[in-house]
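Dear colleague,

I am handing over the structure below, and after it you will find a description of what was found in it. Please keep the structure open beside the text while you read.

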Amino acid sequence: MPEIEEVLPKYLQISGYIRNQIERGELAPGAEVPSERELAASWHVARPTAARALNELRQRGIVESRRGSGTYVVDRSALPAARERGDRARQYGSAYSENASVTVLEAGMVDGPVWVREGLAVAVGGSVLVRKRLVSNDSGVAELATSWFSAALAEIAPRLLDAERLPGGTVGYLESVTDHRVSYARDRVSARLATADERRHFDLPRPAAVLVYRLALHEADDAVLQFDEVVYPSDRWEFQQEYSTRS
């Protein structure tokens with residue numbers, strides 16, 4: 001068992017080690033991974049740290065827990081929607097219509113939120129690359145979108161630092177100039193009170209609610225290529241779909 005390093009949080013080192021075992025084939029699809037108790041003992045950490053490591057793998061869709069049984073490696077080939085998600089993920093980052101007005105508010109290196117730093121496995125003291133955009137349409141300001149990337153991409157994809165709209169979106173640009181490819185996406189939606197910055201951009205009263213949409217674009221090895229957080233004002237409909245009610 002490797003020694004704990006001080007560069008990354010312990011739970012990320014543990015989850016990374018297990019993920020590497022899976023990628024090397026040492027843990028095959030359907031294989032049981034060590035339990036919280038076993039991880040805590042072998043890595044000399046507290047049970048909550050071991051639990052957080054397993055939860056990190058669950059959130060990435062790498063393992064799944066079965067009630068009363070244990071935690072097992074997910075067989076990704078058995079997920080028929082995975083390829084469809086990968087196709088749709090390539091469209092993210094270019095979701096704005098050609099008629100929309102996109103203003104790049106920020107493009108540079110920042111510390112980044114904790115959840116972004118952890119997801120990108122940024123070492124202590126490191127930075128992440130950020131692109132923050134304000135999107136407007138005929139109805140006014142429609143969304144505030146922020147994307148985060150590994151700082152290493154700045155050297156091989158320098159236009160991420162340009163304060164101008166990228167034709168085809170960030171994903172299209174990254175895939176055109178690097179070997180990185182989006183394999184699948186994970187998203188979640190929540191509501192919260194708007195921050196002072198969001199109230200200013202959306203011209204909202206205090207307090208005001210906003211809709212928050214977070215998206216993680218993953219590569220085939222499950223590494224995160226891009227994090228997005230898109231904030232919408234509460235007075236507009238943003239998501240709609242049509243579907244049949246017949247079984």
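A nonpolar core is a set of buried Ala, Val, Leu, Ile, Met, Phe, Trp, Tyr and Cys residues joined through side-chain atoms within 4.5 Å. Please bear in mind that this is a predicted model.

The largest nonpolar core has 19 residues, and those with the most contacts inside it are Phe149, Leu153, Leu160, Leu174 and Leu217. Two or more residues of this core come from each of the elements β5 (140-150), α6 (153-156), α7 (169-177), β7 (209-218) and β8 (224-233). Leaving aside residues up to four places away in sequence, Leu153 touches Pro158, Leu160, Leu174, His180 and Leu225.

Turning to the strands, six of them form an open sheet with antiparallel pairing, in the order β3-β4-β5-β8-β7-β6. Because β3 (101-110) and β6 (184-193) stand at the edges with a single partner strand each, one side of each is left without a neighbour in the sheet. Inside the sheet, β7 and β8 pair in the antiparallel sense over nine bridges, and the bridge partner of Ala216 is Phe227 in β8. Helix α7 packs on the sheet, where α7 touches β4 (128-137), β5, β7 and β8, and the direction of α7 makes about 165 degrees with that of β8.

Finally, helix α2 (residues 36-43) has Leu39, Ala40 and Trp43 as its buried residues. These cover an arc of only 100 degrees around the axis, which puts them on the same side of α2, and they pack against α1 (10-23) and α3 (47-59). The face turned away from that buried side carries the exposed residues Arg37 and Ala41.

With kind regards

Methods
Residues numbered from 1 in each chain as written. Predicted model: local features only at pLDDT ≥ 70, side-chain atom pairs only at ≥ 80, totals over all residues. Heavy atoms only, no water. Buried < 20%, exposed > 50% of the residue type's maximum accessible area, 1.4 Å probe, protein only. Helix = DSSP H or I, 4+ residues; strand = E, 2+ residues; numbered from the N terminus. Arc of directions from axis to C-beta. Contact = heavy atoms within 4.5 Å. Pairing = 2+ DSSP bridges. Axes fitted to C-alpha atoms, helices over the stretch in contact; angles between N-to-C directions.
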